[in-house]
Amino acid sequence: MIALVIRRLLQSIVVMLAVALIGFTLFRYVGDPVAQMVGQETSLQERAELRERLGLNDAVAVQFGRYVGDIARGRFGISYAIDRPVADLIAERLPATLELSFVAALFALIAGIPMGVYTALHPTRLLTRVFLTISLIGISLPTFFIGILLILVFGVWLGLLPTFGRGAVVDLGLWTTGLLTASGWKSILMPAFTLGMFQLTLIMRLVRSEMLEVLRTDYIKFARARGLTDRAVNFGHALKNTLVPVITITGLQLGSIIAFAIITETVFQWPGMGLLFLQAIQFADIPVMASYLVLIALFFVVINLAVDILYHVVDPRLRIDRGVEAG
Amino acid sequence: MTAIARLRRTIARVRDHDLWHDFTASRITVAAAAVTLAIVLAALFAPWITPQNPFDPAELDLLDAFTPPVWAEGGDWRFVLGTDDQGRDLYSAMLHGARISLLVGFASVLLAAAIGVTLGLVAGYSGGAVDATIMRIADIQISFPAILIALLIDGVARGVLPRDRHDELALYVLVFAIGASGWVQFARTVRGSTLVEKNREYVQAARVIGVRPAAIVLRHVLPNAMGPVLVIATIGLAVAILTEATLSFLGVGVPPTQPSLGTLIDIGQDFLFSGEWWIVVFPGVLLAALILAVNLLGDWLRDAFNPKLRKGVAR
Amino acid sequence: MSAPLLEVEDLRVEFPTRRGTLVAVDGVSFSIARGEVLGMVGESGAGKSLTGNAVIGLLEPPGRIAAGTVRLAGERIDGLPHEAIRRIRGRRIGAIFQDPLTSLNPLYTVGEQIVETVLTHLDVGARAARRRALELLGEVGIPAAAERIDHYPHQFSGGMRQRVVIALALCAEPELIIADEPTTALDVSIQAQIIRLLRRLSAERGASVLLITHDMGVIAETADRVAVMYAGRIAEIGPVRDVLKAPLHPYTRGLMDAIPAVGRDVDSLAQIDGAMPRLHEIPAGCAFHPRCPSAVAACGRDRPDLAPSGATEVACWLYRPEPAHGR
């Protein structure tokens, strides 16, 4: 178990270094950092000095090492477009994105798993058809279009819900939250639904297909032959076995939710990291882009690691703490 | 045998085939195929079946702006689905937009397939370090959503390419970004079938008699991987169209001079609150219908090619 | 002699498919007395397993019992409501399947699976159930049962797992055990142990056994009577001694001739020409007649029913007057 964690950690560090290398390459070679930082009237002399001061004349390996050291300490550089430290920008935006992603993921799980189980257990019922139709629409409707339709119906026509922003937020020092105010909750409903809809259909389809697969296995057949109740067979045995692969993929989806938040944040003008990243792309604001990339990669890697460990906790076959009898 | 008799036999064989049987047995699949075909044809012939060229400013009249659909009050038969803020006929704009969406979609899938199939063949056939490297890159890339990769490529292109030529190159950048973000599934599948085929006797035999590896791969291995590739390409087309629409909606996709469906939705979003809902809803519905239909076709193809899922004869 | 424990009469199992309805089990009748072991042999696809599954109401859809009756201790159990047949499974009829490697749920310890089954069927507390699980594991010959009870299936070898499966089938003291190819997936050296264990445990409890196998050797060693199945029908049924020594049906004779025995020249092994017909191409008349060396005119025309011939019953025109033409 510990060996596994260490091996995974090392792999994660390799992935992070690879991503940092991409970030560094972007930062260093896409456009000229010096030209971005100074005005037109800066003399060549001053430029050369700045170049020297920024260490841009050092060996590439040294520069990369410095870059990794910087981002490890949370120094992400200065935004070209806004002229503020990227770390500050991200710290301001992070809570909004994480809250939105969290609520969306919760919604997707709480609705998606039961829907998937139901459709697998009752493949011919009417409600199954309804769920499957919803899932097809959920996968085919572009996320942004779902958001727009919600705004049109609940915001413009019915006037029930706010159509942009986070509502009133409470400042907790390092963190600002919208989940402590009524207007915050009202504001997060539509964005979270929009963001969670795609994941919901994914989780539902996944649970359904895994469960159908598990229901065909010998041990389920044997569980029925032992006369266990339907409840025990379906939930105690089939669902538990279904959840092993579902945990993996759902965990990995958490990372995607944070990435997909870009779209939702644009539709609802949600002041999160996605919106920041998008503006960075439009202005070719490389430090922000590179930092966002590194940060997202960090999320992915951490989630991957957590999922791997969880997986080993859930599935006894992967635990190697007890000897396997030979022969 | 006369040509007609031969044709009849071919038709009879097709109709006897399991794929055809599955196809006609599912009314939804037939409908999806019809919708896809209709949209593709309409997009293809858009210049000839639309009353207006929405890209030509000379044909637009600002006085026609914000005309509602024909059934609403103030509707005009010249603009069945209404007009946007520029006085552009929405019906014409949508078909031209679908043209761009489909063009980018098809081109990106072709690119993704070309990259993926090549890398998959190379990885599967050569094995060893080459295989490990390619598949490791694939593993890392697949754990990030395609849209993020495409956004990143697009962003980098903005930084690298000269700004004044950006609009001109935007379509190519877009195709490259979407194509490069979608190759992994192709590579994985093709590598899988290559590994299987590689050890088949006829491939071994070909190798023994000295046929070049490239020839073996092209003649023997590739054809066997075509079924799954077709399935991935179909589902990939839906994803590519969706990605293009999303990027364009985010304002980093096609240039505004050549609006795709996503661009139209982006434009229309600004008029949500002033009541001109049709500018956003109609392009959105067309886009959703297109993606849904292609997805359904992909689902059906996948099931049809996957014998495990097909209801077989019981033992 | 008391009334038989299990009576199957004219059982017919059908599978509706796109290309028409397949009859997988066709007019099968047999009975098992209390304490008796009935062997059922035949090639794969002969309908043995389906017969077993039909008895415990576990046919996989779209398969269904189209006709016939199944009686357990005089009461009909075919077509019982879902919940009623569930209470019979495991409690009154235990089942053992072919592959011990896949019959146990990998996510639960063997103890948990036994306790769960005991608690489902018997009115005992959790502690008593665990005690019983321990006893059973000891009885089926698992060494160090007190420790092994908390192990997961993957920590057991194939033979040990099949012992666990037997313990599971026996844990509510069923009157009938259906063992479907219980040793096929095991090493030859372990097969005999498992068969002997099964035989001993059922004899101790006075339980009847329906032993489904394609292995005549297993039948010879274990069964009291044997039913030979071919293409969904019983060709011959009778005391093992009689059937093995003096097989009546040409198919049974063919089967016996194909078994290698010590001291017999392998070259003299006869093979039956051809293969068992697939379900959608079963010929009219006797299903075996195209391959039968002794076929007469009636065989291709009329289907023979089982009729007594000595202690055995056989479905073959050779042992009765041929029916008149044009019937």
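Two strands are taken to pair if DSSP finds at least two bridges between them. The structure described here is a predicted model.

In chain C, that criterion places strand β3 beside two partners. β3(C), residues 37–41, pairs with β8(C), residues 208–212, in the parallel sense over four bridges. Within this pairing, C:V37 has C:V209 of β8(C) as its bridge partner. β3(C) also pairs with strand β9 of chain C, residues 225–230. This pairing is again parallel and runs over four bridges. Here C:V41 stands opposite C:V228 of β9(C).

β3(C) is mostly covered, with five of its five residues buried. Both faces of the strand are covered. On one side lie C:V37, C:G39 and C:V41, and on the other C:L38 and C:M40; all are buried.

The whole of chain C was then examined. Chain C contains eleven helices and twelve strands. Of its 327 residues, 48% are buried. The C-alpha trace spans about 70 × 50 × 45 Å along its principal axes. For 327 residues, a compact globule would have a radius of gyration near 20 Å; the value for chain C is 21 Å, so the two agree. Contacts in chain C between residues at least 6 apart in sequence were also considered. Of these, 62% join residues at least 24 apart.

Chain A is assigned two domains, domain 1 (16–72) and domain 2 (90–318). Their C-alpha centres lie 38 Å apart. Ten residues of domain 1 are in contact with ten residues of domain 2. Helix α1 of chain A (residues 2–29) supplies the largest share of the domain 1 side, seven residues. By class, that side of domain 1 has eight nonpolar residues, two polar residues and no charged ones.

The length of α1(A) fits its residue count. At 1.5 Å a residue, its 28 residues should span 40 Å; the end C-alpha atoms are 40 Å apart, so expectation and model agree. Several residues of α1(A) are buried. They are A:M16, A:V19, A:A20, A:G23, A:F24, A:L26 and A:F27.

Chain A also meets chain B. In this interface, 33 residues of chain B are in contact with 31 residues of chain A. Four helices of chain B each supply at least two residues to the side that touches chain A: α7 (146–160), α11 (213–249), α12 (261–269) and α13 (278–305). Among them, α7(B) gives the most, with ten residues. The side of chain B that touches chain A is made up of 23 nonpolar, eight polar and two charged residues.

One loop position in chain B was also examined. B:L63 lies in the loop between α4 (46–49) and α5 (90–126) of chain B. The C-alpha atoms of B:L63 and B:G87 are separated by 6.7 Å, although the two residues are 24 residues apart along the chain.

Conventions. Residues numbered from 1 in each chain as written. Chains lettered and ligands numbered in written order. Predicted model: local features only at pLDDT ≥ 70, side-chain atom pairs only at ≥ 80, totals over all residues. Contact = placed C-beta atoms within 7 Å. Nonpolar A, V, L, I, M, F, W, Y, C, P; charged D, E, K, R; others polar. Domains from an automatic or database assignment. Rg over C-alpha atoms; globule rule 2.2 N^0.38 Å. Buried ≥ 20, exposed ≤ 12 C-beta atoms within 10 Å, placed from the backbone. Expected span 1.5 Å × (residues − 1).
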